[in-house]
Amino acid sequence: MLSDLTYLEMCDYVKKLGLPAFRGEQIFNAIYSAKKLEEITNLPKSLKDIIESDYPKYKVANKFVSKDGTQKFIIEFWDSNIVECVLMKYKYGYTLCVSTQVGCRMGCKFCASTLNGLARNLSSGEILGQVLLINKELGGSEKNRQITNLVLMGSGEPLDNFDNVCKFIDLVSSSKGLNISQRNISLSTCGLVDKIDLLAQKDYNISLTISLHATLDEKRAEVMPIANRYSIKEIVDACRRYYDKSHRRVYFEYTLIKGVNDSVEDVKRLRNLVKGLNVHVNIIPLNEVKERSLKGTTRLEAYKFADALKEVGVSATVRRTMGEDIEGACGQLRNKIMRENKVKNNHN
Ligand code: SAH
């Protein structure tokens, strides 16, 4: 697909078709303005026919706006697969949360993305397409970038789709592309240690976020099957190596689940785990998922947990919850839509 290509690869592509280089620039600009093929006015019909099968066919299929201003978009791809992405407005600009896979195979018990397993990986150009489409929704174009920050925290495990995600980071941060600063990109992972080390080799300036969610391996394994493969210590050690290489502060996501990971002992263990590591802990009150039985804590309890961490010298804040009324948590909306479609189809 043409949105998978860098600018230079696009130049090669048109060259192979025997076309002049400026055609490459025109196609590239059309893609970065998220134009549909029929909306492109400066390409001859004969050329459009040639590139038709390679031209991106993703589109915004639906949009939901939360009371707090958070917007959630359903993006549909050529094969009818859908993912969601979430747009949050902060003082400094827009942050977009993108999906990296359709579904997920990591199996975390609190997460809606993984309920039906992994459907497929997204290509680099399909991950990029989410940014381009939403940039257009905000009135932006290839030369007018509205989105300043990206988080790879939508559905999917980014490091389970390693090569496409890396190519996406290359594309989106390229000066020929949207030129989004790598410093403003955060990649969130459940902790695939070997891939964290590979990522460190890439010398990106992105932030690494670990979905930790527990301080004991047995407890982590109760909610995150990946804990059977890598221990918390192995993950934290990989974070230390990532920090040594990148000098980028590491972030931990810690979703508070009532009775599972919210005790005083958890605070102590977390403190001991991160000793000497430049880390910030984001405490997230669980967004309860209908299909799952886990219960969250109150916001007050979350603040108490964060305060207890700060008292022992660990930097921590409670994450603002956004978009709760529009099924804000990872994969919730896609599942809701799939459920509704199933009901519709059963009635047909
Ligand atoms: N697979 C990656 C990124 C996607 S999930 C990862 O594991 O980090 C993005 C974040 O949302 C993760 O920290 C995940 O643990 C969290 N999350 C998923 N479902 C949630 C829920 N129901 N409530 C709160 N946080 C949730």
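The side chains of Asp-266 and Ser-263 are joined by a polar contact of 2.9 Å. By polar contact I mean a pair of N or O atoms within 3.5 Å; within protein, one must be able to donate a hydrogen and the other to accept it, and residues adjacent in sequence count only if both atoms are side-chain atoms. Asp-266 has another such contact, 2.5 Å, with the side chain of Thr-215.

Before going on, this is a predicted model: local features need pLDDT of at least 70, side-chain atom pairs count only at pLDDT 80 or more, and totals for chains, interfaces and linings use all residues. Residues are numbered from 1 along each chain as its sequence is written, and side-chain values use heavy atoms, with hydrogens and water left out.

Asp-266 sits in helix α9; helices (H or I, at least four residues) and strands (E, at least two) are DSSP runs, numbered from the N terminus. Is Asp-266 buried or exposed? Its relative accessible area is 4%, so Asp-266 is buried. Buried means under 20% relative accessible area, exposed over 50%, and partly exposed in between, with a 1.4 Å probe and protein chains only. Leaving out residues up to four places away in sequence, Asp-266 touches Thr-215, Tyr-254, Val-260, Asn-261 and Phe-305. Contact here means heavy atoms within 4.5 Å.

Next, helix α8. It runs over residues 232-246, which is 15 residues, and reaches 21 Å from its first C-alpha to its last, close to the 21 Å expected at 1.5 Å a residue. The expected span is 1.5 Å times one less than the number of residues. Which residues of α8 are buried? They are Ile-232, Ile-235, Val-236, Ala-238, Cys-239, Tyr-242 and Ser-246. These cover an arc of only 155 degrees around the axis, so they lie on the same side of α8; the arc is that of the directions from the helix axis to the C-beta atoms. Lys-233 and Asp-244, on the other side of α8, are exposed. The buried residues of α8 pack against α6 (193-201), β9 (207-211), α7 (217-223), β10 (250-256) and α9 (264-273). After α8 comes His-247, with a positive phi near 55 degrees.

One of the residues in α6 is Ile-196, buried with a relative accessible area of 0%. Beyond four places in sequence, Ile-196 touches Leu-159, Thr-189, Gly-191, Leu-208, Ile-210, Ala-238 and Tyr-242.

Cys-108 counts as buried at 10% relative accessibility. Cys-239 is in no disulfide either, with the nearest cysteine sulfur, that of Cys-190, 12 Å away. At 0% relative accessibility, Cys-239 is also buried.

Last, the ligand. It is surrounded by 19 residues, the closest being Gly-156, Ser-188, Ser-211, His-213 and Asn-287; a residue is counted if one of its heavy atoms lies within 4 Å. A ligand nitrogen atom is 3.0 Å from a polar backbone atom of Phe-110. A backbone N or O atom of Thr-189 lies 3.3 Å from a ligand oxygen atom, and for Cys-190 a backbone N or O atom lies 3.4 Å from an oxygen atom of the ligand.

Notes
A disulfide is a pair of cysteine sulfur atoms within 2.5 Å.
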